[in-house]
Amino acid sequence: MKKIYLIVAREFTERVRKKSFIVTTLLMPLFMIGMMVAPSLMMFYGKSEQKQVVVVDKSGFVAERMQSSEEVVFSVQNNLTKEEACQIYNAESGIFGILYINEDVKESGNVQFIINSSSSLMLEELIQSQLKSIVEREKLKERYNIDNLDQMLADVAVPIALNTFENNGTGNEEDMESTSAGINYILGIILGMLLYMVIIIYGQMVLTSVVEEKSSRVIDVMVTSCSPFQLMMGKILGIAAVALTQIAIWAALIIAASKFLIPALFSADVAMSSDAMLQGIMGTLGDTGYIATLFIYLALFILGGFLLYASLYAAAGSAVDSVQDGQQFNTIIMMPIILAMIVMMSVFNDPNSPIAFWASMIPFTSPIVMIARIPFGIPTWEVVVSLVVLYLSFVVTTWLSAKIYRIGIFMHGKRPSWGELAKWLKTK
Amino acid sequence: MDSILSVQHVTKSYTGHVALDDVSLEVPRGSVYGLLGPNGAGKTTLIRVINRITLADKGRVMLDGKEISVDDIFHIGYMPEERGLYKKMRVGEQAIFFARLKGLDRRDAEKRLRHWFERLGISDWWGRKVEDLSKGMAQKVQFISTVLHEPKLLIFDEPFSGFDPINANLLKEEILGLRDRGATIIFSTHNMASVEEICDHITLINKSRNILSGSVEEIRRTAGGNTFEITHRSSHEVLSEAVGELANVIGESRGVVGGYTATKIDVPRNEDIREVISRLNDRCELRAMQELMPSMNDIFIRAVNGTLK
């Protein structure tokens, strides 16, 4: 045990002190904070000025009903011809564009928007929807002789609020926990991606590290000082410790930044909206107990998933002579991970489909698929079975990988014969 | 003979070729044991079999009369031919790490390391990264890591390669010092000069087989053909006449400093050397006479070529 500890400590301190570790540890939260702040920043600073649009309405009923808003102001100039309007309101006039409505707009739906600078999708959609509703109402009024249509419509307008709850068998609104596919979806994606990144990034770190040790021949010195199993486990656990440390630092930095850094750097408006986003997610997650459970599951699945794949990566690393050769094995190991990502996407349509269920039980896909399903509310027994299967298979793959590792690390260029392989499997 | 390590009938083959063919040898306790042989003879494979890095197909390796176990290996000091150090790690920390793996505690390890670093004149390198060291420098660090825990059995694979003569000499002194303090040292080499100076025993491996084993003294004496070199001031003919039927003059005489001539003679084993000396003394102007021992280099080449008697 003391030897494993020494190896873990070496792997950990060497990696944590590397410049690349420090840089990624600090840059990643900046990136995440950027992602959090960007939407609110865009909302507050990315807003463009109010656009002036001149409406030349030849039909006679549209222009007066166009409604100006924060984005656009309409001014009516019905007595100009199209050509005159274009001459007067050219690029130098400061007018954004001319909306020319044909006389027969009711039948043809033909409207021209002649602009002086580049258009925006948002503005086009806004104008289009206004025009559509104005023209449709006008036709409705005319065809079916409804005079007080506007009043009638205003009368029946009701905004719909869809409240989704989790069924707890009582039907009592107070007791049921509200749940929302939207938040679950976001949370599921974030958790699944996190698992995916940890397995890929740190798994490959294990592979590279094994290959380097092998090619630099440190391995000869190491195995005359400790057993190959100790060496492999020490390496895997050391890198696992690095991964957990990095994630913990990220979490702490992101939370701290959203509490202190963002309010200090940006205006209160931005800060509030990014805080509200976090609060919104937290609020929807419900009580702290649920969050704590989620974190425990997350930690268990990250650790289990990483350990399972790390042992495979270690075995692959031991079997090759260079990192380039290792890429082949890397591709093979990546396949179930990518499959898991594909299944994860289907989970969001139906978290309880048979494929989602089985993919979250089979150990090679279970960490990613299960962690993505958990936010949707999965029976505890399913999670427990999935974890047990995951950890049992970790023990099996590690045992097997240790055997392969033991043989692989001393194969330089020459292939072992089958007899030799059998003999190694039998030796302690 | 009290042997610490005994290799018995070890055979090891890889697909396509035999690396060791029925090799046996006994390493006496407290000796410096040289494993000699041309490149690719199987020296490194033998060392790896002893270390259990590779398993033998047949035969066994005994340490102190018991079959060698994994735990025994952890106590051996082993320096592989291709130096294995973590490139990105600092020298001092790395040496401490290896020492602790070998069971020393941190304080003890550091104390011993400081002592050794001073001794080999590399104290300045403590905080440097291994990748910044030259090959010879890294080798010193590796040497220290190998001997630090004072193992009773040390195995060096080509310890002198990569060293300049001064440092090679330093290393020789250290190896002899370790032997004097009770360690047994096995090392492989094709540097014959080092063998004559420091080895007590050797095994010569060629084409996967042990072709010559024994103490250096004994081997040189047996290989030597009772050849003597006589330094004198007589003519070649006078000398030939003097030794007569007792010895054969080999080749021509050659002049040496001070007007003397050197001539080699071969004295058959059954002749009394004192008779030869007395005849030479009577008839020639004799100045000196010495037995010519074959160098290990000669023996090596002759053994490998199969011309050794």
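Author: What follows is a set of questions about how the labels for this predicted model are reached.

Reader: Why is A:Glu213 called buried?

Author: The relative accessible area of A:Glu213 is 2%, and the label requires a value under 20%, so A:Glu213 counts as buried. This residue belongs to helix 7 of chain A, which covers residues 181–215.

Reader: What makes the pairing of A:Glu213 with A:Lys235 a polar contact?

Author: Their side chains are joined at 3.1 Å, and the limit for such a pair of N or O atoms is 3.5 Å, so the pair qualifies as a polar contact. If neighbours within four places in sequence are left aside, A:Glu213 is also in contact with residues that include A:Arg10, A:Tyr405 and, from the other chain, B:Tyr86.

Reader: How do you know that A:Arg10 sits over the ring of B:Phe97?

Author: The charged end of A:Arg10 is 5.6 Å from the centre of that ring, and the distance limit is 6 Å, with a further condition of lying within 35 degrees of the ring normal. A:Arg10 also lies over the face of B:Tyr86, at 3.4 Å from the ring centre.

Reader: Why is the pair of B:Phe117 and B:Trp126 called edge-to-face?

Author: The ring centres are 5.1 Å apart, and the planes meet at 65°; pairing asks for centres within 6.5 Å and the edge-to-face label for planes over 60 degrees apart, so the pair is edge-to-face. The relative accessible area is 1% for B:Phe117 and 16% for B:Trp126, and with the cut-off at 20% both residues are therefore buried.

Reader: What makes the pair of B:Phe160 and B:Phe187 edge-to-face, and where in chain B are the two residues?

Author: Here the centres are 5.8 Å apart and the angle between the planes is 85°, which is again over the 60 degrees that the label needs. B:Phe160 is in the loop between strand 7 (153–157) and helix 6 (165–180), whereas B:Phe187 is in strand 8 (residues 184–189), so the pair links distant parts of chain B that are 27 residues apart. Both B:Phe160 and B:Phe187 are buried. Over all chains the aromatic pairs come to eleven, and ring pairs also link A:Phe357, A:Trp358 and A:Trp381 into a cluster.

Reader: Which residues touch the most other members of the largest nonpolar core?

Author: They are A:Met222, B:Leu5 and B:Phe143, in a core of 157 residues. Helix 11 of chain A (residues 288–319) gives the most to this core, with 13 residues. A second, separate core has 17 residues, among them A:Phe96, A:Leu123, A:Ile127 and A:Ile134. In soluble globular proteins, nonpolar side chains tend to be buried together.

Reader: How many of the residues of chain A count as buried?

Author: Of the 428 residues of chain A, 42% count as buried, and this chain has 16 helices and four strands.

Note on methods. Residues are numbered from 1 along each chain as its sequence is written. Chains are lettered from A and ligands numbered from 1 in the order in which they are written. This is a predicted model: local features need pLDDT of at least 70, side-chain atom pairs count only at pLDDT 80 or more; totals for chains, interfaces and linings use all residues. Side-chain values use heavy atoms; hydrogens and water are left out. Buried means under 20% relative accessible area, exposed over 50%, partly exposed in between (1.4 Å probe, protein chains only). A polar contact is a pair of N or O atoms within 3.5 Å; within protein, one must be able to donate a hydrogen and the other to accept it, and residues adjacent in sequence count only if both atoms are side-chain atoms. Contact means heavy atoms within 4.5 Å. A nonpolar core is a set of buried Ala, Val, Leu, Ile, Met, Phe, Trp, Tyr and Cys residues joined through side-chain atoms within 4.5 Å. Rings of Phe, Tyr and Trp (its six-membered ring) pair if their centres lie within 6.5 Å; planes under 30 degrees apart count as stacked, over 60 as edge-to-face and the rest as tilted.
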